[in-house]
Amino acid sequence: MSSEFGRNIRLSVFGESHGEAIGCVIDGLPAGIRLDMDKIYSDMARRAPGKDIPHILSGVLDNVTTGAPLAMIIENTNTKSGDYANLMTLPRPSHSDYPAYVKYEGNNDVRGGGHFSGRLTAPIVFAGAVAKQILSLKGVTVGAHIAKIADVQDDMLDKNNISAELLENLSSQSFSTISAVSHERMRAAIECARLEQDSVGGVIECAAVGLPVGVGANIFSTVEGHLSSILFGIPAVKGVEFGAGFDFADMTGSQANDAYCVKDGRIVLKTNNNGGVLGGMTTGAPLVLSVVIKPTPSISKPQQSVNLQTMEEETLVIKGRHDPCIVPRAVPVVEGAVAFGLLDMMM
């Protein structure tokens with residue numbers, strides 16, 4: 001399995017959901033960066049409140065990076081592996097169980113999803129939290145919010161007018177929305193899915209401000225391509241769009257084009273339909289992207305599957321603890337992925 005990302009700063013994620021620990025190694029970080037551990041703990045808590053405490057093994061001395069590889073682990077506790085015994089023979093619909101069973105000849109760890117589990121996003125949040133602190137020294141701020149859960153829509157960011165203060169405020173919330181009304185309606189939609197033994201998905205909108213013009217390049221080194229690569233490494237992500245994205249299909253060129261103007265002696269864009277990227281390079285406007293998260297595959301409702309040993313169709317009943325909606329917890333993961341991807345391109 002390949003679980004590495006990065007060109008200038010390299011991230012390697014390891015572990016299984018029900019193994020002894022999960023973690024990551026970050027290679028290529030500059031020396032002399034003082035890390036605010038409270039901010040790192042805060043981001044980790046947004047993904048899983050009170051559960052994931054990172055233990056740094058190397059690369060940091062007195063909270064300052066040394067230039068050596070930064071190694072971190074998070075111990076796994078309170079696992080209930082017995083709840084996953086039937087998944088050895090009955091793969092979950094819309095999960096990695098079946099293709100992983102075939103690819104790895106049944107040797108893959110299915111407990112809690114193993115190396116395919118959403119739990120492996122915790123190291124991404126950690127790496128992203130480190131990256132965000134280095135980006136802040138460069139004047140760059142990354143933040144995200146829940147744009148949609150089920151059929152409930154939040155207010156969307158003004159693509160051409162996003163402040164660092166707004167993004168920092170969104171990043172401080174455990175259930176990050178712009179509208180308080182949407183917040184409550186989203187929680188109600190999640191509760192409805194839980195009561196129906198089902199799950200719901202949604203959309204996360206993420207932005208970065210303070211980026212200089214010209215980060216990235218064309219063809220195979222585009223900002224869109226690089227960020228999409230790490231974003232699709234997040235389990236449950238099934239789509240990424242930049243700026244207007246698929247809405248471009250309904251526009252004319254005159255509607256879609258971002259005209260230039262001069263403001264305070266600087267060349268700026270009058271609109272930002274392209275989400276801050278042209279020709280694979282940043283334009284200086286806010287970088288804006290959206291990520292769609294599919295509904296959690298592990299639901300309590302009975303589902304049809306096939307017994308991999310007998311090749312007979314069987315009804316699958318999934319046991320254990322399952323989240324009816326992972327979108328709120330995925331917000332800091334998307335932030336972390338975008339931050340790490342941007343830092344990698346800027347080093």
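Biologist: How far apart are the mean positions of the positive and negative charges of the protein chain?
Modeller: This is a predicted model: local features need pLDDT of at least 70, side-chain atom pairs count only at pLDDT 80 or more, and totals for chains, interfaces and linings use all residues. Residues are numbered from 1 along each chain as its sequence is written, and side-chain values use heavy atoms, with hydrogens and water left out. Lys and Arg count as positive and Asp and Glu as negative, without His and the chain ends, and each charge is placed at NZ of Lys, CZ of Arg, CG of Asp or CD of Glu. For the 28 positive and 37 negative charges of the protein chain, the separation of the mean positions is 2 Å.

Biologist: What radius of gyration does the protein chain have?
Modeller: Taken over C-alpha atoms, this radius can be set against the globule rule, 2.2 Å times the number of residues to the power 0.38. For 347 residues a compact globule would have a value near 20 Å, so there is agreement with the protein chain's 21 Å.

Biologist: What share of the residues is buried?
Modeller: Buried means under 20% relative accessible area, with a 1.4 Å probe and protein chains only. Of the 347 residues in the protein chain, the buried share is 49%.

Biologist: Among contacts between residues at least 6 apart in sequence, what share joins residues at least 24 apart?
Modeller: A contact here means heavy atoms within 4.5 Å. In the protein chain, the share asked for is 72%.

Biologist: In E3, which residue is the bridge partner of Gly15?
Modeller: E2 (residues 10–15) and E3 (residues 21–27) are antiparallel, with six bridges. A hairpin of five residues links the two strands. In E3, Gly15 is bridged to Ile22.

Biologist: And in E7, which residue is the bridge partner of Ile56?
Modeller: E7 (residues 70–75) pairs with E4 over three bridges in the antiparallel sense. E7 also runs antiparallel to E3, joined by six bridges, where Ile26 is partnered with Leu70 of E7. For Ile56, the partner in E7 is Met72.

Notes. Two strands pair if DSSP finds at least two bridges between them. Helices (H or I, at least four residues) and strands (E, at least two) are DSSP runs, numbered from the N terminus. Buried means under 20% relative accessible area, exposed over 50%, partly exposed in between (1.4 Å probe, protein chains only).
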